[in-house]
Amino acid sequence: MGETTMKQHGGEAPQYFIEARDLTMHFPAKTNGLGRPVSWIHGADKVSFQVPKGRTLGVVGESGCGKSTVGKMLLNIYRPTSGQVLYDGRDITGLSPRERRPYTKKMQLVWQDPYSSLDPRMRAGDIIGEGLENFRLVSSRAEKQERVARLMAMCGLMPEQAGRYPHQFSGGQRQRICIARALSTDPEFIVCDEAVSALDVSIQAQIINLLKDLQEQLSLTYLFISHDLNIVHFISDEILVMYLGQVVERGSMEKVYRNRAHPYTQALFSATPAFTAAEKAGKQRIILEGDVPSPVDPPAGCRFRSRCPYATKACEDDPVWHTVEDDHQVRCHLFNH
């Protein structure tokens with residue numbers, strides 16, 4: 001991959017379940033008279049990471065940093081401009097729809113807004129059972145109803161609610177329907193794209209605990225996308241910090257949380273609420289000056305340099321990865337010396 005790869009505990013060779021190699025996504029921003037693109041939105045640039053089986057990788061950053069774009073590239077909702085997606089060691093980036101179908105079954109998505117992602121004309125049981133029919137996982141209506149009832153119970157819903165429509169459920173219940181729908185195809189990998197951001201705080205905790213319980217029961221692997229660092233800290237094993245389409249810091253959740261190396265990571269964490277007296281005493285809010293640059297014309301070199309309080313002339317060149325400690329890396333010129 002051309003970059004330092006994080007190691008698992010004990011120095012053993014890692015067995016990665018999901019791997020992204022230099023994933024890049026550029027969207028057309030402007031076309032000429034012939035309809036050909038002449039400028040591009042840099043949604044994501046050379047994003048690389050690995051997720052071991054049964055683990056959770058949290059992806060954080062400001063709105064527009066490319067978090068959701070990365071998740072959609074993994075699921076082939078967006079076909080990458082360049083780069084590779086590996087599933088259990090196999091490159092699935094360029095597969096035809098027919099070749100991709102078994103992986104589509106094993107890779108599912110829980111959307112941000114549980115209401116807009118559900119068809120208001122369908123009953124909850126039919127929404128959850130749609131994947132069972134599409135992938136021919138049931139042979140009869142009775143078997144489908146039994147599987148749907150089991151999925152609903154697993155996600156904290158009552159099977160007798162299967163005949164209700166989405167508007168007859170609360171926000172938290174609708175998200176449980178979305179999770180049950182994702183589980184209907186017996187997936188191994190789930191992208192949770194801001195899966196709790198539209199919910200009340202108390203309901204968020206319930207859904208996060210449900211996701212953790214399901215992960216333990218079903219050996220699920222998660223990519224958890226969020227702007228809420230407290231939630232990411234609670235659910236994630238490792239973290240990826242993104243800024244303007246690029247990864248600036250990555251590592252084990254606890255090590256990055258304890259030693260925030262990149263100035264942008266420091267600013268992000270400083271914005272999270274403090275819950276204890278000790279946290280409040282040691283917390284200093286970092287206010288970033290200036291606006292986020294346009295993704296159509298991002299700065300050369302370090303993309304954060306236009307807002308970084310430590311920026312120097314060297315930041316006009318591309319930074320490289322540096323190891324802070326085992327399982328913790330940062331991409332910043334501050335570590336050149």
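Asp126, Glu133 and Lys144 are linked in a network of salt bridges, a salt bridge being a side-chain nitrogen of Lys or Arg within 4 Å of a carboxyl oxygen of Asp or Glu. The model is predicted, with local features needing pLDDT of at least 70, side-chain atom pairs counting only at pLDDT 80 or more, and totals for chains, interfaces and linings using all residues. Residues are numbered from 1 along each chain as its sequence is written, and side-chain values use heavy atoms, leaving out hydrogens and water.

**Exercise 1**

Find which parts of the chain the salt bridge between aspartate 237 and arginine 55 links.

Step 1. The two side chains meet at 3.8 Å, N to O.

Step 2. Aspartate 237 sits in the loop between helix H7 (229-235) and strand S9 (238-243), and arginine 55 in the loop between strand S2 (37-52) and strand S3 (56-60). Helices (H or I, at least four residues) and strands (E, at least two) are DSSP runs, numbered from the N terminus.

Step 3. The pair therefore links distant parts of the chain, 182 residues apart.

**Exercise 2**

Decide whether arginine 147 is buried or exposed, and do likewise for its partner, aspartate 186.

Step 1. Their closest N and O atoms are 3.7 Å apart, in a salt bridge.

Step 2. Arginine 147 belongs to helix H4 (residues 141-154) and aspartate 186 to the loop between helix H5 (171-183) and strand S7 (189-193), so the bridge ties together parts 39 residues apart in sequence.

Step 3. Buried means under 20% relative accessible area, exposed over 50%, and partly exposed in between (1.4 Å probe, protein chains only).

Step 4. Arginine 147, at 15%, is buried, whereas aspartate 186, at 41%, is partly exposed.
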